[in-house]
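Grab a pencil and work through these exercises with the sequence and the 3D view side by side. Each task comes with a worked solution.

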Amino acid sequence: MELWLALITPKQTHTMKLLAVLFAFSVLLSCGTTSSDREETRAETAHDYTQFVDPFIGTSKMGHVFPGATAPFGMVQLSPQTNFEVMFNEDGSYNSATYEYCAGYQHKDSTILGFAHTNLSGTGHSDLGDFLVMPTTGELTLEPLQDGKGKKGFYSVFSHDDEIASPGYYSVDLKSYDIKAELTASERVGFHKYTFPKSDSAHIILDMVYNVYHYDDKNVWTFIRVENDSVVTGYRQTKGWARDRKVFFAMHFSKPFESYGHKRYDQVKYDGFYRQFNQGENFPEMAGKDIRAYFNFDTEEGEEIKIKFALSSVSSDGALKNLEAEIPHWDFEKTREETKQKWNKELSKIEVETLNEKDKINFYTALYHTNLSPILYEDVDGQYRGLDQNIHVSEGFTNYTVFSLWDTYRALHPLFNITQPERNNDMIKSMLAHHDQSVHNMLPVWSHYANENWCMIGYHSTSVIADAVVKNVGDFDKNRALTASVNSASVPYFDGLGNYMKYGYVPDDRSHSSVSKTLEYAYDDWCIAQIADRLGNEAIKKEFMKRSEYYRNVYDAGSGYMRPRLANGEFRSNFDPMDTHGQGFIEGNAWNYGLYVPQNINEMVKLMGGKVRFTEHLDSLFTMGIEEKYIAKHEDITRDGIIGSYVHGNEPGHHILYLYNWTGHPEKTQERVRMIMETMYAPTVNGLCGNDDAGQMSAWYVFSALGFYPVTPGSPNYALGSPLVKEAKIHLNNGKILTIKARNQSAKNVYVKSVSVNGKKRVGNTISHDDIMNGGIIEFEMTSSLAR
């Protein structure tokens, strides 16, 4: 049965010289083309920005990013898995080593278990790792690490000297088998190429047991069908961070396999009349909770076996359609080049000139990381699995998933309003669809793969929506968005929200992380008020502006801190403002998380003693150390991301550096922002000081390197900092170009003497979204002096 149709493809360009000629020619013809034509030509013919991306940055320790092949915002993240750590120890306790493998990969390892098709980027908890594929030769073994007799499993040793990663491509030599593995991907299809030695016992293993954050009962069910001698389909259902997750696949080999089989690892209590078959070998149906399948080949020296592996949330038929539509051929290099150009299109939206190569690599790798998620979550025909587990069709939008909103509302989604406004519009429409499918009538909190996992606090979809509304991004239904936001803020059984509405704060004796929740809810309520204000709904605006002031109710003037408060109105007595555990804050303490009132910073400064006192508090964050006992109980807070008591390795502190702008000391913002960019980001495997958190850590860097930051998403203004770039050009989707220039830029000239927008000197420490979207020139005059 012929499943793939031949397509005529555009002629490919093969040399940079030709690219340069085409670019010059396009300039000559530009007067006869539209801005969109020029944008498309620029993306296709401009400089290769992928050369400045190093996917290995952050793959060691806390970064939790993966080095494998993926397309921008792609459904497939095809990446090596270097170890298999179960989530729980034999005594039922949590295995902390699992945390290292949130992305399935740690650079310290020298083994590869295989290549999985789904991976989260930079998260502090995890899931996925679907459909591990591993090529082997020699005696077949189906155990990944070792078998029951202590014999080596199917893993391979490897060397980082033989490992290559770039946007959309990964390769490594599997030394145990003398196999070269190469990976690329389209949005919905992973493309493998394995170059084998001569062998009469070559195998491709499909491991359906393997999971990231695996535990014994994580797999609910797995199913495989051998459609013919080169096409295999199936699905897996898991109960992990997403408690009811289904992923379907279609797997097509470039060469027919000689034979196949599988091993089932779960106990079979009842198998009906299937017991009459020898299901373990050459039987075209495989079903069970835990299965590893294998496919056998004879290979010649240097023979390539390719695999196209498509995903779908809907069905195996949907996966087949995705495969046919996206990679209907067997030209690996063609797909690799197409995906490379997709990455160049995204990366070229911001052209930067930097002081050195290191800064350029940091910048473009950060920009790369911001384009990994949220991910596409629908088939080529628009079908997707919804939160209600029914199949829906996206109408008027593209559906996305993986919304790590406690992290990404801060800078990632605001960045999208500049670089990806059309995608952010679709993401908001995806959030609204989530709300409509939710039995709780709530927008996403932390959602992935048609599941709400309820991780972290707040209802920060409202922030993403408000930021888009005030910046005039998107054509989503604003009234529908307001209704969804109010609904999300009114669910009494959600995470202390009922008590928040009753008391005007979250009582600490009724709910954990009570201060953090109160502060985040108050900010989200302010965001809802901004949406209502734009829509002229005065009643909702008034209600939620009142709620946005609830942060005052957890401020203790006696101690000078935001502090846990009990239901009886008293502040909790046993309180340590340095401790990050059990003190009313989540992944933070009163010293840093207590500085979170982005909706009314001037009032927060006044409340906490005025500009002088507040400046002293900020200063102390960078000079006063924090004892190990105060951070020991948090995986997400480590020394790698701490300066003094300031924690850059986790999101609650990301705005703090910019707060000096509200105390009359913008030079301290400038100095510390540059310090953080120089010390907390590096072009090495240890180059991220904490979890990248689905792109938030990287989005902070992109904004800060450009010289401004969205301290208050939901406001049209950005706080000014100190740019790291010498010059940047942001190619906007409206056809305009914003040029950012830093005159007298150097490593020592970290202070900003003046800022001008299109030749007019800017008074104050902000620029507006209109300043950006109108294009033109923003010029910073840099100096080494503190004088302004």
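Before starting, here is a term you'll need: a residue is buried when its relative accessible area is under 20%, exposed when over 50%, and partly exposed in between (1.4 Å probe, protein chains only). Helices (H or I, at least four residues) and strands (E, at least two) are DSSP runs, numbered from the N terminus.

The model is predicted, so local features need pLDDT of at least 70 and side-chain atom pairs count only at pLDDT 80 or more, while totals for chains, interfaces and linings use all residues. Residues are numbered from 1 along each chain as its sequence is written, and side-chain values use heavy atoms, with hydrogens and water left out.

**Exercise 1. Work out whether the overall size of the chain agrees with a compact globule.**

Step 1: Take the rule, which is 2.2 Å times the number of residues to the power 0.38, with the radius of gyration taken over C-alpha atoms.
Step 2: For 788 residues, a compact globule would come out near 28 Å.
Step 3: The protein chain has 27 Å, which agrees.

**Exercise 2. Find out how enclosed helix α9 is, and name its neighbours.**

Step 1: Locate α9 at residues 461-470.
Step 2: Check each residue; S461, T462, S463, V464, I465, A466, D467, A468, V469 and V470 are buried.
Step 3: That is ten of the ten, so α9 is largely enclosed by the rest of the structure.
Step 4: Look for contacts, meaning heavy atoms within 4.5 Å. The buried residues of α9 pack against α6 (405-408), α7 (412-419), α8 (421-437), α10 (478-488) and α12.

**Exercise 3. Follow the chain out of α9 and describe N472 and G474.**

Step 1: Just after α9, N472 takes a positive phi of about 55 degrees.
Step 2: Carry on to G474, which sits in the loop between α9 and α10.
Step 3: G474 has 37% relative accessibility, so it counts as partly exposed.
Step 4: Compare sequence with space: G474 and R423 are 51 residues apart along the chain, and their C-alpha atoms are 9.0 Å apart.

**Exercise 4. Inspect the salt bridge between R547 and D525 and say which parts it ties together.**

Step 1: Use the rule that a salt bridge is a side-chain nitrogen of Lys or Arg within 4 Å of a carboxyl oxygen of Asp or Glu.
Step 2: In R547 and D525, the closest N and O atoms are 3.0 Å apart, and the pair forms a salt bridge.
Step 3: R547 lies in helix α13 (residues 538-547) and D525 in helix α12 (residues 514-535), so the pair ties together parts that are 22 residues apart in sequence.
Step 4: Buried or exposed? R547 counts as buried at 5% relative accessibility, and D525 counts as buried at 0%.

**Exercise 5. Look at other salt bridges in the structure.**

Step 1: Begin with the total, which is 48 for the whole structure.
Step 2: D290 pairs with K289, their closest N and O atoms being 3.1 Å apart. D290 is buried, at 8% relative accessible area.
Step 3: R563 and D556 meet at 2.8 Å, N to O, and both are buried.
Step 4: Finish with a network: salt bridges that share partners join D127, D130, K218, R236 and R245.
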